[in-house]
Amino acid sequence: MLSSSIQATLVGRYAEGDYGKSKKAGEELFFRYSEETGAKVLVYRFPNLFGKWCRPNYNSAVATFCNNIANDLPIQVNDPSVDLELLYIDDLVDEMIGALKGEEHRCGYDGLDVIPDRDGRYCYCPVTHHVKLGEIVELLNTFRQQPSTLVMPEIPDNSFAKKLYSTYLSYLPKEKAIFPLNMNVDQRGSFTELLKTVNCGQFSVNISKPGITKGQHWHNSKWEFFIVVSGRALIQQRRIDSGEVLNFEVSGDRIEAVHMLPGYTHNIINLSDTDDLVTLMWANEAFNPDRPDTYFLPVE
């Protein structure tokens with residue numbers, strides 16, 4: 001197997017590059033060897049590779065950007081519109097394992113473009129990502145701000161953003177691997193926002209002192225899950241135009257999720273006289289102080 005380079009196409013900005021010419025010569029040696037001996041050869045023209053622990057300040061812009069932004073060092077972007085084709089290390093490993101099993105992906109080339117072809121002369125990794133330099137920097141700055149905003153950006157399965165985030169985290173210094181959260185503390189206990197998402201709400205943890213009742217409010221459209229993970233609680237809900245109270249006794253000994261229904265005022269009561277109550281809470285939207293959708297009303 002030969003690890004060649006997309007520069008061996010000798011097309012466009014690669015037309016006169018000595019590196020590409022040397023890679024092209026290596027490819028031809030492999031193909032000639034195959035013709036002379038009948039041996040199977042696999043020639044891959046890899047695009048730019050990225051992934052955890054890649055050496056920064058060498059020949060990978062992604063590694064340099066990840067390292068510098070993670071460590072609060074300056075970066076230089078001469079042209080944010082430059083488009084890169086990037087191959088993630090895990091996707092490369094998947095292809096290499098497939099190649100060992102005789103399941104390599106074969107192709108031909110039309111300039112820089114891969115043309116899948118089962119009988120093709122070349123091999124390729126089917127999963128790559130085309131992204132502009134400016135988009136990479138924008139994503140990395142979003143990742144850097146996450147500990148302060150608590151907002152987790154969208155990272156769909158197999159997306160470039162998901163792979164870049166994993167790469168970025170591998171460059172974090174020890175002191176950034178841990179960060180404080182803002183605990184809102186009063187005599188009743190504490191409430192701490194843990195994580196916010198762009199489209200899937202937010203997570204929080206609530207700690208109630210013994211005998212304390214929290215809540216006593218309702219929402220028009222917001223809804224929540226309350227999940228007691230330690231202690232024993234009574235969760236009560238009442239539709240705002242009804243006198244019927246729904247009671248749910250829950251415990252960290254048998255973890256259950258309780259819907260906080262829209263239009264139902266609700267509370268949570270710590271039933272213990274000695275122990276704190278710890279409740280994980282998820283809301284379907286991140287809290288917006290300009291439109292809190294929260295209205296005080298006792299359940300009973």
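Strand 13 (residues 213–218) and strand 20 pair in the antiparallel sense over two bridges; two strands count as paired if DSSP finds at least two bridges between them. Helices (H or I, at least four residues) and strands (E, at least two) are DSSP runs, numbered from the N terminus. The structure is a predicted model, in which local features need pLDDT of at least 70 and side-chain atom pairs count only at pLDDT 80 or more, while totals for chains, interfaces and linings use all residues. Residues are numbered from 1 along each chain as its sequence is written, and side-chain values use heavy atoms, with hydrogens and water left out.

Trp218 is buried, with a relative accessible area of 15%, whereas Tyr295 is partly exposed at 37%; buried means under 20% relative accessible area, exposed over 50%, and partly exposed in between (1.4 Å probe, protein chains only). The ring centres of Trp218 and Tyr295 are 4.9 Å apart and the planes are at 35 degrees, so the pair is tilted.

Twelve aromatic pairs are found in the structure. Rings of Phe, Tyr and Trp (its six-membered ring) pair if their centres lie within 6.5 Å; planes under 30 degrees apart count as stacked, over 60 as edge-to-face and the rest as tilted. Tyr109 and Tyr122 form an edge-to-face pair, because their ring centres are 5.4 Å apart and their planes are at 85 degrees. Tyr109 lies in strand 5 (residues 106–110) and Tyr122 in strand 7, so the pair ties together parts 13 residues apart in sequence. Tyr122 is buried at 7% relative accessible area, and Tyr109 is partly exposed at 21%. Ring pairs join Phe31 with Tyr109 and Tyr122 in a cluster.

Phe31 is also one of the buried residues of helix 1, together with Gly20, Gly26 and Glu27. These residues cover an arc of only 135 degrees around the axis and therefore lie on the same side of helix 1; the arc is that of the directions from the helix axis to the C-beta atoms. They pack against strand 1 (2–5), strand 2 (43–46) and strand 7 (122–123). The face turned away from the buried side of helix 1 carries the exposed residues Asp18, Leu29 and Glu36. Just after helix 1, Gly38 takes a positive phi of about 80 degrees.

The largest nonpolar core has 21 residues, of which Leu86, Ile136, Leu140, Leu164 and Tyr168 touch the most other members. A nonpolar core is a set of buried Ala, Val, Leu, Ile, Met, Phe, Trp, Tyr and Cys residues joined through side-chain atoms within 4.5 Å. Helix 2 (61–70), strand 4 (83–88), helix 4 (133–149) and helix 5 (160–169) each supply at least two residues of this core, and helix 2 gives the largest share, six residues. A second, separate core of ten residues includes Phe226, Val228, Ile235 and Val258.

Conventions
Contact means heavy atoms within 4.5 Å.
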